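A walk through selected parts of the fold would be enough.

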Amino acid sequence: MKGKMIFIDIIYEKMIIKLPKIVNGNVIYSENVSDLVKLFYPNDVEVHIPKFTSEDVSQIKEAKQEMNKELSELTVSNIAGFLNDVGNGWLEYRWKGRRLASRYSPYVTQFSDIVTEADFKTMGDFLIQRFHIYDQLEAELGNERIMDEWIPRQMCHVRAFPRGLCLHYLVGNLPIAAIYSIIRGIMTKNITVAKLPSRDPISSLGFLLSIIETDPNHPISRSLSAGYWDHKDSIGQDVIDMSDVVCAWGGYNAMSSIKKMVPPNIPFIEYGPKWSCSVIDLDKCDNDAAAYRVIEDSCFYDQEACFNTQRVYVRGNMTEFIKRLIYHFRWFSEHVPYCANNIDISATRNLAIKEAQYVGCKVIYEKDWAIIVAKHEEKNNITHPFNRTLIIHPVDDFNEVTPYLDKDNQSMSVYPWELTNIYRDTWAPAGVCRFVELGWSRMFRSGFTHDGEYKLQQMVRIVCIERPWTDRGKYYGLRKNLEEHWFKELHPGMRKIIDERNAKEDRGEI
């Protein structure tokens with residue numbers, strides 16, 4: 001069944017959300033129970049989606065060569081213009097895919113609809129401002145036209161070409177990241193195959209459906225495929241084997257299992273587990289401003305994003321600061337409700353609270369949030385439970401922050417900003433990948449690195465054309481006869497040097 005409108009069944013208070021899979025831009029539904037994968041969520045919510053099959057893989061393989069050709073003929077201007085059309089319809093709720101995502105993603109993510117809608121608006125704004133595509137390419141690949149033209153670079157000309165087919169293992173705890181991953185594959189002219197995440201198959205699928213709705217005959221629309229398969233399903237290996245690059249988001253176990261499946265010579269772009277922190281000097285900033293800024297950095301996405309603050313290193317008197325934290329925690333929870341009611345999530349936070357109390361830490365908490373003031377000797381020993389929990393580490397000197405940092409640290413938000421200029425060359429070697437002003441962790445700026453890398457580079461091949469040797473350039477000595485081979489010039493002198501060295505070694509002189 002193709003092209004049927006997405007629909008919802010409400011049966012005895014149970015909500016069943018029926019989704020399609022996408023194969024080469026074709027939207028495919030099924031009502032055959034044996035063809036469906038069923039995903040289960042709290043509050044009696046189910047998602048039904050057709051299984052991704054070996055036949056789907058064969059169809060993608062069959063279309064791959066022609067699809068690569070069509071995508072490679074697009075210019076960046078073509079791509080940015082098409083995505084602009086997608087973004088306009090997305091922001092205006094013209095696409096059924098957008099309405100699907102906005103209405104139903106909160107049911108599966110258990111984020112407040114304020115959180116998911118903010119993400120969707122951010123991505124719409126990104127798409128309609130075409131310069132973002134150009135800025136991203138320039139920042140990560142060195143030139144905004146490198147996907148279209150041969151660019152002079154030293155004694156070469158270079159150009160970026162798509163890898164071919166990019167398999168995206170999408171993340172479900174961050175709607176904006178899944179959509180962003182898809183956009184990065186499109187802007188580099190790669191075919192997209194999206195493995196939908198069980199945590200949130202709706203947000204990314206809604207975006208893909210919106211692209212197809214914009215123009216189903218556009219090469220970008222016809223290059224899209226998406227579905228869900230269990231990590232134990234052999235179809236996952238089949239999809240990996242036909243891929244030219246694999247981009248994966250997720251936790252430690254997920255990254256480890258996927259990485260083992262990727263063969264040599266296939267780039268593996270890893271967005272693995274990281275943690276972030278904040279540094280605050282209360283003696284040099286407004287306590288109230290510091291409190292609401294750190295709440296913004298920690299609470300959005302319920303602390304599930306890598307760039308969400310988990311730990312705060314604070315110098316100064318914290319009595320008033322904690323009062324302001326409590327006030328802003330309550331305000332945030334009132335206006336952006338904590339929606340998760342998973343018993344495992346609650347148990348994890350309760351365990352962390354009990355652990356902190358047991359070792360003598362000061363703990364303040366309510367239903368939707370918690371503050372743990374760690375002792376100096378605790379370092380990072382308390383397991384962080386996420387779920388709007390701040391672990392505060394009092395410090396007397398900001399050099400004390402350095403031992404807390406490690407290779408898994410991602411973002412550090414700082415307040416006041418002047419601290420960055422003083423300590424960046426100490427904290428960066430210790431592990432920090434990104435410095436940002438406190439309160440702005442979720443708003444990445446043009447030119448940012450992700451986990452210390454420009455990962456877009458792995459989604460393309462950089463091909464070079466070296467200039468002919470008639471162009472000697474500024475570094476190479478002139479040769480009278482360009483047809484004179486090197487070994488004719490060097491052989492006699494080089495043989496003498498080698499023979500003399502060997503003789504000295506034989507005599508024991510060297």
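**Strands, sheets and a surface patch**

Strand 7 and strand 8, the latter covering residues 156-162, are joined by three bridges and pair in the antiparallel sense. The model is a predicted one. Within this pair, R153 lies opposite C156 of strand 8. The two strands belong to an open sheet of three strands, ordered 7-8-21, in which the pairing is antiparallel. Strand 7 (151-153) and strand 21 (460-466) each have a single partner strand, so they form the edges and one side of each has no neighbour in the sheet. From one strand to the next, the twist averages 40°.

The loop between strand 21 and helix 15 (486-506) contains Y476. Together with W469 and Y475, Y476 makes up a nonpolar patch on the surface, and the three have about 400 Å² of accessible area together.

A second open sheet has seven strands in the order 16-17-18-15-14-19-20, and its pairing is mixed. At its edges are strand 16 (362-366) and strand 20 (434-437), each of which pairs on one side only. Neighbouring strands here are turned against each other by 20° on average, with direction ignored. At one end of the order, strand 19 (residues 409-415) pairs with strand 20 in the parallel sense over four bridges. S411 is the residue opposite R434 in strand 20. Helix 13 (residues 343-358) packs on this sheet and touches strand 16, strand 17 (369-373) and strand 18 (389-394). The direction of helix 13 makes about 155° with that of strand 16.

Strand 12 (residues 245-249) can be followed through its partners and its side chains. Strand 9 (residues 165-169) pairs with strand 12 in the parallel sense over four bridges, and H168 stands opposite C247 of strand 12. Strand 12 also pairs with strand 13 (residues 268-271), again in the parallel sense and over four bridges. In that pairing, A248 stands opposite E270 of strand 13.

Is strand 12 mostly covered or exposed? Mostly covered: five of its five residues are buried. V245, C247 and W249 point one way from the strand, while V246 and A248 point the other way, and all are buried. Buried here means under 20% relative accessible area, so residues pointing in either direction from strand 12 fall below that limit.

Technical notes: Residues are numbered from 1 along each chain as its sequence is written. This is a predicted model: local features need pLDDT of at least 70, side-chain atom pairs count only at pLDDT 80 or more; totals for chains, interfaces and linings use all residues. Side-chain values use heavy atoms; hydrogens and water are left out. Two strands pair if DSSP finds at least two bridges between them. Axes are lines fitted to C-alpha atoms, for helices over the stretch in contact, and angles run from 0 to 180 degrees between N-to-C directions. Patches are made of residues with over 30% relative accessible area and no salt bridge: like charges are joined within 9 Å, nonpolar side chains (Val, Leu, Ile, Met, Phe, Trp, Tyr) within 5 Å. Accessible areas come from the Shrake-Rupley method with a 1.4 Å probe; for residues, only the protein chains shown count as cover. A salt bridge is a side-chain nitrogen of Lys or Arg within 4 Å of a carboxyl oxygen of Asp or Glu. Contact means heavy atoms within 4.5 Å. Buried means under 20% relative accessible area, exposed over 50%, partly exposed in between (1.4 Å probe, protein chains only).
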